[in-house]
Amino acid sequence: MAKKFRILSLDGGGLRGIIPVLVIKEIERRTGKPITDSFDMIAGTSTGALIACGLSVSDDGRTPKYKITDIEKIYTERGKDIFPKKNWFKGFISGVSALKNPKFSPDGLQKVLEELLGEKRIADCFKPIFVTTFDLYNNEALLFKYRQAIANPSRNARLIDICRATSAAPTYLPAYNFMYNEKKRVCVDGGIYMNNPTVGALVEITKFHKEAPYKMDSLSLDEISVLSIGTGHYSSEIARKKVEGFGLLDWATNITDVMMQAVNQTTTYQTEELTSVGNFLRINLDIDDPKYSDMADSSDETREYLIRQVNSQIISNSVLMGQLNSLLSD
């Protein structure tokens, strides 16, 4: 049987990106090799795109520049730079300001990305990547694809620009303004329509498998396997509230989680229907306490909670780990 084309798909979710990072570490422990040796394409949205770019960027075009432990440090050591914690007074002022402005400055994220990615571009990746964002200026979904970048210099965007564009989550960070493919772009988080980029990656490889860098004469859906990793699912109490009376402010403080959960569930359904039995695995965890659900919470307490949940709900789940081993061994 021919070797399957394997896709690693990583959801958006801010600092909850520690969840897929820890799952990837466990996969590397089990396989004894870098995650990039186990997959042929990495797709990501928002924080998932940061992970995808960090794992795929290369200095020599053949090997990864960073290890997963390097990416892990972004979440364990730099979270407070990206989403600074505020004392109660600053929190109150920030809350008032957030009615008109994003909650956070992009300066911390920009600094982290500059240190991680420098002036590297998509074509500097040694592994094909697929990243989502939405361009408000041109009112269109914007997809960054390795295939297009190596064929057309105008599509070979800087990885910093890609990560800023895909992670500009409404209410959290400002929209990102830059030039791409000879057009002005004003982008917001790809999570508003494709927080789980799995189906986009499936479309990319099934339609363009004959083109570089893939160069496959044929490829059917039966020959594709997908590992999709989420960033935690919080069962919000919003459904128990009187949403019929919600106004602008009520929805503004709840809509991001609602959108992310809805599109993630839709994508999981679509992928399960498109792929063959045993060729798709979705890994995610339940966040059972609302105080740990904020994707911009950089506190040690929340990070430690998420780490414990990864260990208890995912790594210690023998059935799930058996399914993972089966997916990776095909």
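**Strand 3 and its surroundings in the predicted model**

Strand 3 and strand 4 (residues 140–145) pair in the antiparallel sense through six bridges, where helices (H or I, at least four residues) and strands (E, at least two) are DSSP runs numbered from the N terminus, and two strands count as paired if DSSP finds at least two bridges between them. The structure is a predicted model, in which local features need pLDDT of at least 70 and side-chain atom pairs count only at pLDDT 80 or more, whereas totals for chains, interfaces and linings use all residues. Residues are numbered from 1 along each chain as its sequence is written, and side-chain values use heavy atoms, with hydrogens and water left out.

With strand 2 (residues 41–45), by contrast, strand 3 runs parallel, and four bridges join them. In that pairing, Ala43 stands opposite Phe130 of strand 3.

Seven of the seven residues of strand 3 (residues 129–135) are buried, so this strand is largely enclosed by the rest of the structure. Buried denotes under 20% relative accessible area, exposed over 50%, and partly exposed in between (1.4 Å probe, protein chains only). In a regular strand, side chains alternate between the two faces of the sheet. Ile129, Val131, Thr133 and Asp135 point one way from strand 3, while Phe130, Thr132 and Phe134 point the other way, and all are buried.

The largest nonpolar core has 74 residues, with Phe144 and Leu227 having the most contacts inside it; such a core is a set of buried Ala, Val, Leu, Ile, Met, Phe, Trp, Tyr and Cys residues joined through side-chain atoms within 4.5 Å. Helix 1 (residues 18–31) contributes the largest share of this core, seven residues. Apart from this core lies another, of 14 residues, among them Ile7, Met41, Met194 and Tyr214. Leaving aside neighbours within four places in sequence, Phe144 is in contact with residues including Ile129, Phe130, Val131 and Thr133, as well as Phe178 and Tyr180, contact meaning heavy atoms within 4.5 Å.

Thr171 lies in the loop between helix 8 (159–166) and strand 5 (176–180). Thr171 is partly exposed, with a relative accessible area of 36%.
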